[in-house]
Amino acid sequence: MIFLQRQAGGATLQFTGTQARILKDGKVFIDWTKGGTIANIPTGEGYTVEISTSQGLVTDTLAVGVVIWTLGQSNMKGWYQEPAIPAQSPGSTYMFSASGGWIPLTGDGATAFAADISASLGGVPVAFVNGA
């Protein structure tokens, strides 16, 4: 999964390959683009990016929303781990895992905060990077 920070006018995806395009719910949303950049991708999820390379076609899921870095040693670590049985993610919320990929958000504190942020911004996807 690729998660991009939203910007005014939409996010920008930098890619390495001959061309790329964005699909939304299986339909072409932004057609094949050359030059290594696709601009103005609107906030949301359900996107698939297809990148044509010399080795073939590479695909990945894509979301555009708010990326938040959390810092604070043990306070932030517990935020993602408490309670022992993780709270249900409100949907459209992710965290960057130690293994290097985006996974569904867990932890009562983090999911409550993400739900508030998402709701206050009209339901945008929210992603956390744990720097603790």
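This is a predicted model: local features need pLDDT of at least 70, side-chain atom pairs count only at pLDDT 80 or more; totals for chains, interfaces and linings use all residues.
Helices here are DSSP runs of H or I with at least four residues, strands are E runs of at least two, and both are numbered from the N terminus. Residues are numbered from 1 along each chain as its sequence is written, and side-chain values use heavy atoms, with hydrogens and water left out.

Next I checked the span of H2, residues 108-120. Its 13 residues should span 18 Å at 1.5 Å a residue (1.5 Å times one less than the number of residues), and the end C-alpha atoms are 18 Å apart, which agrees.

Which residues of H2 are buried? I found Ala110, Thr111, Ala114, Ile117 and Ser118. They sit on the same side of H2, because their arc around the axis is only 130 degrees (taken from the directions from the helix axis to the C-beta atoms). Buried means under 20% relative accessible area, exposed over 50%, partly exposed in between, with a 1.4 Å probe and protein chains only. On the face turned away I noted exposed Asp116, Ala119 and Ser120.

Then I looked for salt bridges (a side-chain nitrogen of Lys or Arg within 4 Å of a carboxyl oxygen of Asp or Glu). The whole structure has one. Glu50 and Arg21 form a salt bridge at 2.6 Å, N to O. Glu50 is in strand S6 and Arg21 in strand S3, so the pair ties together parts 29 residues apart in sequence.

Last, I looked up Asp25, in the loop between S3 and strand S4. Its phi is positive, about 55 degrees, although Asp25 is not a glycine.
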